[in-house]
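Thank you all for making the time this morning. I would like to walk you through one structure, slowly, starting with the whole chain and then turning to single residues.

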Amino acid sequence: MGDWTTTRVEDRLESAADVFRTLPGVMPQGFFNAWPEYFHSFADKVGQEPQMRRPRPGPRQITEAEEALLWLRWLERDDARIVWLRAERTPWKPICWQMGISRATANRRWRYGIAVMVWKLNGKRVPRNRPMNHVITSATR
């Protein structure tokens, strides 16, 4: 229970973002396509590169992704947004523009959010009367 680290939490969040990216989009009930299926002939396929598709995530991956998404509840709304955007591999500049904060502040809040998750996953209570740096440094040890 107490073996969570910051890199392990970051990896789990990034894999959760990948799982949600590969799932099919949500369609309204009754959605269908009226166009007939087009079958390509051999002449159409000559000279084309084969399309490689990533396999769909399995039930275990989906369950782990949903579990990782629930970890964001432990954070403030803005901190959770920063952590999730970083898990989706969004660059810092768009994050800073969306949140209206500097790069250093965004990085500090992201590291704090990851540290809070590590504390909670290890079964510890996050101290409210200590500064952010203490929470971050003690989570990385």
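This is a predicted model: local features need pLDDT of at least 70, side-chain atom pairs count only at pLDDT 80 or more; totals for chains, interfaces and linings use all residues.

Let me begin with the elements. As for the overall dimensions, the C-alpha atoms fill a box of roughly 70 × 35 × 35 Å along the principal axes. The radius of gyration is 21 Å, whereas a compact globule of 141 residues would have a value near 14 Å.

A few totals complete this first view. Buried residues account for 33% of the 141 residues, and the accessible surface comes to about 10,700 Å², with 53% of that surface belonging to carbon and sulfur atoms. If we take the contacts between residues at least 6 apart in sequence, 64% of them join residues that are at least 24 apart.

Now to the core. Which residues of the largest nonpolar core touch the most other members? They are Val-9, Leu-13, Trp-71, Val-83 and Met-117, out of 36 residues in that core. The elements that each give two or more residues to this core are helix 1 (6–22), helix 3 (59–70), helix 4 (77–87), helix 5 (92–99), helix 6 (103–121) and helix 7 (132–140). Helix 6 gives the most, with 10 residues. In soluble globular proteins, nonpolar side chains tend to be buried together.

Setting aside its neighbours within four places in sequence, Leu-13 is in contact with Ala-68, Trp-71, Val-83, Trp-84, Ala-87, Ile-114 and Met-117.

Let me turn next to the two ends of the chain. Thr-6 is found in helix 1, and because its relative accessible area of 17% is under the 20% cut-off, Thr-6 counts as buried. Beyond residues up to four places away in sequence, Thr-6 touches Ile-114, Val-118, Ala-139 and Thr-140. Arg-141, in the segment after helix 7, is exposed, with a relative accessible area of 75%. Arg-141 and Thr-5 are 136 residues apart in sequence, and yet their C-alpha atoms are 8.5 Å apart in space.

In helix 7 itself we find Val-135. Is Val-135 buried or exposed? At 0% relative accessibility, Val-135 counts as buried, and its contacts, again leaving out residues up to four places away, are Tyr-112, Ala-115, Val-116, Trp-119, Val-126 and Pro-127. The C-alpha atoms of Val-135 and Arg-111, which are 24 residues apart along the chain, are separated by 9.5 Å.

I will finish with a backbone detail. Most residues other than glycine have a negative phi. Arg-89, although it is not a glycine, has a positive phi of about 65 degrees. Arg-89 sits in the loop between helix 4 and helix 5, and with a relative accessible area of 47% it is partly exposed.

Terms used: Residues are numbered from 1 along each chain as its sequence is written. Side-chain values use heavy atoms; hydrogens and water are left out. A nonpolar core is a set of buried Ala, Val, Leu, Ile, Met, Phe, Trp, Tyr and Cys residues joined through side-chain atoms within 4.5 Å. Buried means under 20% relative accessible area, exposed over 50%, partly exposed in between (1.4 Å probe, protein chains only). Helices (H or I, at least four residues) and strands (E, at least two) are DSSP runs, numbered from the N terminus. Contact means heavy atoms within 4.5 Å. The radius of gyration is taken over C-alpha atoms; the globule rule is 2.2 Å times the number of residues to the power 0.38. Accessible areas come from the Shrake-Rupley method with a 1.4 Å probe; for residues, only the protein chains shown count as cover.
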